[in-house]
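Here are some notes for your first look at this one. Have the viewer open and follow the points in order.

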Amino acid sequence: MRTEVVSGTDLYKKAQTILENKKSTFEEFEKAFHWFNLLLDGAKNVGGESADVLYFSLGAVCMKRDHKELAILCFEKAISLRPNFLEAMNNIGYIHKKNEDSDSAKKYFKQIVDIAEASDDLRPEYIKKKADYYCNYGSMLISRGTPLQALEVFEKGYKCDPDHRLNKW
C-alpha cells in the first residue's frame with residue numbers, strides 16, 4: 001500500500017476547499033476538521049506564525065458542523081493571536097445572533113464597527129467588508145428596537161458600498 005505525502009500547503013488548500021464548498025458533506029467537514037487540527041499541531045511546533053488563520057478556519061468548520069461553543073473558542077483563540085481579527089469577531093457576533101443572545105452579538109458587532117471606523121485601509125475589498133460590518137450592527141440595532149440609530153449605521157454602510165445586498169431594504 002502506497003502512502004501519499006502531502007505538503008502542509010496542499011493540506012490547507014484541500015481543507016479550505018471543503019470549507020468554502022456549500023455542497024460539502026458532514027463527512028467532508030470531518031476531514032477538514034481533522035486536517036486543520038493536524039496543521040495547527042504543526043504550526044504550534046514551528047512557532048505558530050499562521051496559527052491565527054488555522055484557528056479561524058477550524059472555527060469556521062465548527063460553525064458548519066453546528067458546534068457553536070467550540071467555534072467561539074476557536075475564534076477567540078484566533079483573536080488572542082491577532083487582536084483585531086475582524087472576521088473572527090464577526091463570526092462570534094453571528095453565532096450569538098443565531099443563539100438569540102442579542103446583547104453579546106451587539107457587543108461584538110459594535111466593537112467591529114469601532115475598529116473598522118478607526119482603520120485607514122482604503123483597499124476596495126476592505127471597504128466592501130466594512131459595509132458588511134455596518135449592516136450586521138445595524139440589523140442588531142433594529143432587532144433591539146432602536147431603528148433611528150440603526151438608520152445612521154446603515155447610512156454609513158451605504159456610503160461604503162451602495163450595492164450591498166442589505167442596503168436594499
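1. Which side chains meet in a salt bridge at 2.7 Å, N to O? They are those of Asp-52 and Arg-82. A salt bridge here is a side-chain nitrogen of Lys or Arg within 4 Å of a carboxyl oxygen of Asp or Glu. The pair links distant parts of the chain, 30 residues apart: Asp-52 sits in helix α3 (residues 51-64), and Arg-82 in the loop between α4 (68-81) and α5 (86-98). Helices are DSSP runs of H or I with at least four residues, numbered from the N terminus.

2. Before you go further, a word on the model. It is predicted, so local features need pLDDT of at least 70 and side-chain atom pairs count only at pLDDT 80 or more, while totals for chains, interfaces and linings use all residues. Residues are numbered from 1 along each chain as its sequence is written, and side-chain values use heavy atoms, with hydrogens and water left out.

3. Back to that first pair. Asp-52 is buried, at 11% relative accessible area, whereas Arg-82 is partly exposed at 34%. The cut-offs are under 20% for buried, over 50% for exposed and in between for partly exposed (1.4 Å probe, protein chains only).

4. The structure has eleven salt bridges. In another of them, Lys-129 pairs with Glu-87, with the closest N and O atoms 3.1 Å apart. Lys-129 belongs to helix α7 and Glu-87 to helix α5, so this pair ties together parts 42 residues apart in sequence. Lys-129 is partly exposed at 29%, and so is Glu-87 at 22%. Look for Asp-132 as well: Glu-87, Lys-129 and Asp-132 are linked in a network of salt bridges.

5. Now try Arg-144 and Asp-103, whose side chains form a salt bridge at 2.2 Å, N to O. Arg-144 is in the loop between α7 and α8 (147-160) and Asp-103 in helix α6 (residues 102-118), so parts 41 residues apart in sequence are tied together. Arg-144 is partly exposed, with a relative accessible area of 35%.

6. How far apart are the end C-alpha atoms of helix α7? They are 29 Å apart, which agrees with the 28 Å that its 20 residues (124-143) should span at 1.5 Å a residue. That expected span is 1.5 Å times one less than the number of residues. After α7 comes Gly-145, with a positive phi near 85°.

7. The largest nonpolar core has 49 residues, and those touching the most other members are Phe-36, Val-61, Phe-75, Leu-86, Ala-88 and Met-89. Such a core is a set of buried Ala, Val, Leu, Ile, Met, Phe, Trp, Tyr and Cys residues joined through side-chain atoms within 4.5 Å. α1 (8-20), α2 (26-45), α3, α4, α5, α6, α7 and α8 each supply at least two of its residues. Leaving out residues up to four places away in sequence, Phe-36 has contacts (heavy atoms within 4.5 Å) that include Tyr-12, Leu-19, Leu-54 and Val-61.

8. Last, Gly-42, which you will find in helix α2. Gly-42 is partly exposed at 29% relative accessibility.
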